[in-house]
Amino acid sequence: KEQLSPPKDATMLFLLLVTTALASPTSTIKSVASNSLNGLRGAEFQGIRSLSRGALQQLARSRRANRQSSRRLGERRRVSASAENFPALKNDLLIRAARGEQTEKVPIWMHRQAGRYLPEFRNYSDRFPFMHRCSTPDIATRLTIQPVERYGLDAAIIFSDILVLLPPLGIEWGMVKGKGPVVSEPINTPEDLVRVRTVKQSDITSELSYVMEALSRSRRELDGRATLIGFSGAPWTLLGYMVQGEGAKSTAAVKAKGFLYQYPDASHKLLETITDAVVLYLVEQVRAGAQMVQVFDSWAGELTPELFAEFSTPYLKDVATRVKQQLKEQGLPQVPVSVFPKGASGHALPDLSNSDYDVISLDEGIRPSIARQQAPNKVLQGNLDPAVLYLPKDVIKAETRKMVDNFGTNKYIANLGYAVDKSMDPELVGAFVEELHDYSEAKNGLTTPAAS
């Protein structure tokens, strides 16, 4: 598949896979074809519309035809995963911090810690399209673990994407070179909600089995060296993509916000459907091996405080409450649950402090002292300005120490205000991680701080 040159050959591959899926007399070959179609769905074409609307409809038909056999396979995998004995967690620093317990040093992980800034990551990204990497458990596992092996981080976050939940909801998308994720047929009016599916647990276990397999493999291969984090996009952020049809960077989410204003009832209905899917997805990730889960509200900052309070906060709260309820009811581990309202920390914190989230991740737009005042009962995560990692090592170390001094070493998990960028120097990123560990351990009186 990697040797084909899009878009022409990708279309030929698409037709071949559809033919195989529809014509095969065996459920095994149908499953293989279905999994390949899932990988092709997000392939990085020069333009997603090189696949015609008819081809996308054929894709949807073939996926429906394979759903029954895929569900059977997914159910077998679900039983296997729920009975699996994973290696014991040896480095439980992050879990203890997330529960508000005293730790000998501050734990650290970073958003997008698996990325193109790492040469070992580029060894895969230069050869394989994004969705191929996401939907191939062996590759996703390797990319998940790479940052832990390089930096000794306290957590690994599964290599995936928030938009993998869209196809089970009935919304197809693709990764367009130079543009990012693009939805093939966005939601434009309330009438379009008929295209949105109500997601069942069997849909998650079948259509997102590659995520679950990657989680289980990552948990085994980590061998207790670090906490494994699963994640999902938040209801509002997923709605934003479904309506806007593309990322918010170049559009300011104007169309998506307009949908909220124009069709509030339809918006709430769609958010309820998405929330149900997010809850199921996170619970299945815990079953597959995730030891903590985070909800990314990546578009939180696109909303006014009033819109966020109406169209995001209630659903974020509902996710945390229901995930914990279902984990308890199903006898699954009671893992910490975290939320990241990117760009909205300044106004979202008071409401989210009255939620069932254990951890609230902060962007760089709020001072630690203010965050502590607004959420005194929560573990906080963040919030070094990622741009600091372009500076000399001595400055990075100084800013890291300042951050630890401001947050303190208790009820705190270190991270960035947003994410590691592909243009960053791996050595400077490493300086941040090393100084964070060394300084916080010294601050707790366990070691002598090294000279800057």
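Biologist: How many helices and strands does the protein chain have?
Modeller: The model is predicted, so its secondary structure is assigned as DSSP runs. Helices and strands are numbered from the N terminus. The tally for the chain is 18 helices and ten strands.

Biologist: What percentage of the 452 residues is buried?
Modeller: A residue counts as buried under 20% relative accessible area. The accessible surface of the chain is about 18000 Å², and carbon and sulfur atoms hold 50% of that surface. Of the 452 residues, the buried share is 58%.

Biologist: Among contacts between residues at least 6 apart in sequence, what percentage joins residues at least 24 apart?
Modeller: Contact here means heavy atoms within 4.5 Å. Among contacts between residues at least 6 apart, the share joining residues at least 24 apart is 76%.

Biologist: Which residues does Q291 contact, leaving aside its neighbours within four places in sequence?
Modeller: Q291 sits in the loop between α12 (264-288) and β6 (292-297). Its relative accessibility is 10%, so Q291 counts as buried. With those neighbours set aside, its contacts are L89, I95, R219, A226, T227, L228, V335 and P336.

Biologist: How many salt bridges are there?
Modeller: Side chains of opposite charge can pair when their charged atoms come close. The cut-off is 4 Å between a side-chain nitrogen of Lys or Arg and a carboxyl oxygen of Asp or Glu. By this rule the count is 20.

Biologist: Which residue forms a salt bridge with R150?
Modeller: The closest N and O atoms of the pair are 2.9 Å apart. R150 is in helix α7 (residues 137-151) and its partner is in helix α5, so the bridge ties together parts 30 residues apart in sequence. R150 is partly exposed at 38%. The partner, partly exposed at 23%, is E120.

Biologist: What is the N to O distance in the salt bridge of R217 and D138?
Modeller: The side chains of R217 and D138 meet in a salt bridge. This pair links distant parts of the chain, with R217 in helix α9 (residues 209-222) and D138 in helix α7, 79 residues apart. R217 is partly exposed at 24%, while D138 is exposed at 52%. The N to O distance is 1.9 Å.

Biologist: Which residues are linked with D138 and R217 in a network of salt bridges?
Modeller: D138 and R217 belong to a network of salt bridges.

Biologist: Is D276 buried, partly exposed or exposed?
Modeller: Partly exposed falls between the buried limit of 20% and the exposed limit of 50%. R322, its partner, is at 21% and so is partly exposed. D276 has a relative accessible area of 31%, which makes D276 partly exposed.

Biologist: Which residues gather in the patch of positive charge on the surface?
Modeller: Lys and Arg count as positive. One member, K422, is in the loop between β10 (412-416) and α18 (426-443). K422 counts as exposed because its relative accessibility is 61%. The patch consists of R112, R116, K249 and K422.

Biologist: What is the phi of R112?
Modeller: R112 is in the loop between α4 (93-98) and α5 (119-125). Most residues other than glycine have a negative phi. R112 is not a glycine, yet its phi is positive, near 55 degrees.

Biologist: Is A253 buried or exposed?
Modeller: A253 has a positive phi of about 55 degrees and is not a glycine. It is found in the loop between α10 (235-244) and α11 (254-262). At 0% relative accessibility, A253 counts as buried.

Biologist: What is omega for the cis peptide bond from G382 to N383?
Modeller: Most peptide bonds are trans. The bond from G382 to N383 is cis, and N383 lies in strand β9 (residues 379-384). Its omega is near -20 degrees.

Biologist: What separates the C-alpha atoms of A398 and F432?
Modeller: A398 is in helix α17 (residues 393-407). At 42% relative accessibility, A398 counts as partly exposed. A398 and F432 are 34 residues apart along the chain, and their C-alpha atoms are separated by 9.6 Å.

Key: Residues are numbered from 1 along each chain as its sequence is written. This is a predicted model: local features need pLDDT of at least 70, side-chain atom pairs count only at pLDDT 80 or more; totals for chains, interfaces and linings use all residues. Side-chain values use heavy atoms; hydrogens and water are left out. Patches are made of residues with over 30% relative accessible area and no salt bridge: like charges are joined within 9 Å, nonpolar side chains (Val, Leu, Ile, Met, Phe, Trp, Tyr) within 5 Å. Accessible areas come from the Shrake-Rupley method with a 1.4 Å probe; for residues, only the protein chains shown count as cover. The place of a charge is taken as NZ of Lys, CZ of Arg, CG of Asp or CD of Glu. Helices (H or I, at least four residues) and strands (E, at least two) are DSSP runs, numbered from the N terminus. Buried means under 20% relative accessible area, exposed over 50%, partly exposed in between (1.4 Å probe, protein chains only).
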